[in-house]
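Please look at the structure first.

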Amino acid sequence: MSSSTVITNIATLITNDPSLSDTDPLGTVRNAAVVLEGDRVAWTGEASKAPATDNRVDAGGRAVIPGFVDSHSHLVFAGDRTEEFHARMSGRPYGAGGIRTTVAATRAATDAELEANLTRYLREALRQGTTTFETKSGYGLTVEDEARALRIAAAHTDEVTFLGAHVVPPEFAEDPAAYVALVTGEMLDACAPHARWIDVFCEKGAFDGDQARAILTAGRARGLRPRVHANQLTYGPGVQLAVELDAASADHCTHLTDADVDALAQGGTVATLLPGAEFSTRAQWPDARRLLDAGATVALSTDCNPGSSFTSSMPFCLALAVRDMGMTPDEALWSATAGGARALRRDDVGRLAPGAYADLAVLDAPSHVHLAYRPGVPLVTEVWHRGVRVN
Ligand code: NIG
Ligand code: FE
């Protein structure tokens, strides 16, 4: 039998377990304890009622939250784009063209370099409380380079996304239809075995609605499930297409019509908001309040990538969402944990309830509200992943 550990003396425990309360979606327990058995949560409740265990850890009156679920990142890349950021912050706007700079650097990198870069950002994210992450290809854009990116990612996470349709690479600039044929043919054949998801950057300057539909449908026929980069830079067909194809998530959702908001509220597609991108491109914030009031499910993620959002910090994104997107601290915490799990169609992460993975963060604060109240302060002091303390 695996050994059991109780983490006790928790001032505020966020479980995201709706069975604990009719009125509190965070399933908050005060003066709480959580019991871990092997890699799973075995019990949560008031500390005074905790069952006997092999080991005991004192949380010192701190808060415990589920580990963050970062359901959108682009971490298989080489180089950075400091110059582009510097220029943009000095007055030049952001376009999709910069992606090609990272494509050139990524193609030129060795496997070992890509792997080292990926693990560096993963460690950085884990220290800040991220215990589940999704990541994508999209900086290779050849059959070999896309398959290689997915192989490298799959060694670190189950949540791997094929994004061969990130932009049309320069060698296909004169014939984008031929690139779509490659993505839906030979590239998909090489990539499908290494991925769970397929994604398209559906945007002016990248792929239009018809191209996106063809790519997502081809991926679905190969067993990949759709998710879509939608409505980031302008209004467009991405969100409607995502809902129509029952994509797990429509990501960005910065420019939404009323019909887009209605579609998200009525469909099963999560609206994943990525405030790091708006921060780093000085763009308009996505309107989380409007989506929540309409009844849509909202997730928060980093979009960590070297161009539009070079942050691995879920606490930072959560603070932005509270400050600038109309979310309450409770909603933002839920969206960064349970919301991310929904966007990955998972129920074994993003919550601390019996049977879920024992993935959690201890905050050097008495409650989760401090994540937004004390922005920029490294409050995550302890992280447990699959029942093991990792820092
Ligand atoms: O999610 N929108 C498309 N892709 C990324 C940007 C990637 C880049 O600029 O390198 C995003 O923001
Ligand atoms: Fe992205």
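Q: What makes strand S1 (residues 4-14) and strand S2 (residues 28-37) a pair?
A: Strands are DSSP runs of E with at least two residues, numbered from the N terminus, and two strands pair if DSSP finds at least two bridges between them. S1 and S2 share eight bridges in the antiparallel sense, so they meet the definition of a pair. Thr5, for instance, stands opposite Leu36 in S2.

Q: What kind of model is this, and how are its parts numbered?
A: This is a predicted model, in which local features need pLDDT of at least 70 and side-chain atom pairs count only at pLDDT 80 or more, while totals for chains, interfaces and linings use all residues. Residues are numbered from 1 along each chain as its sequence is written, and chains are lettered from A and ligands numbered from 1 in the order in which they are written.

Q: Why are strand S3 (40-46) and S15 called edge strands?
A: The open sheet has seven strands in the order S3-S2-S1-S4-S13-S14-S15, with mixed pairing. S3 and S15 each pair on one side only.

Q: Why is His252 called buried?
A: A residue is buried if 20 or more other C-beta atoms lie within 10 Å of its own, exposed if 12 or fewer, and partly exposed in between; C-beta atoms are placed from the backbone. His252 has 28 other C-beta atoms within 10 Å, so it is buried. His252 is in strand S10 (residues 249-252).

Q: Why does Arg386 count as partly exposed?
A: Arg386 has 14 C-beta neighbours inside 10 Å, and therefore counts as partly exposed. Arg386 is in the loop between strand S14 (380-385) and strand S15 (388-389).

Key
Helix = DSSP H or I, 4+ residues; strand = E, 2+ residues; numbered from the N terminus.
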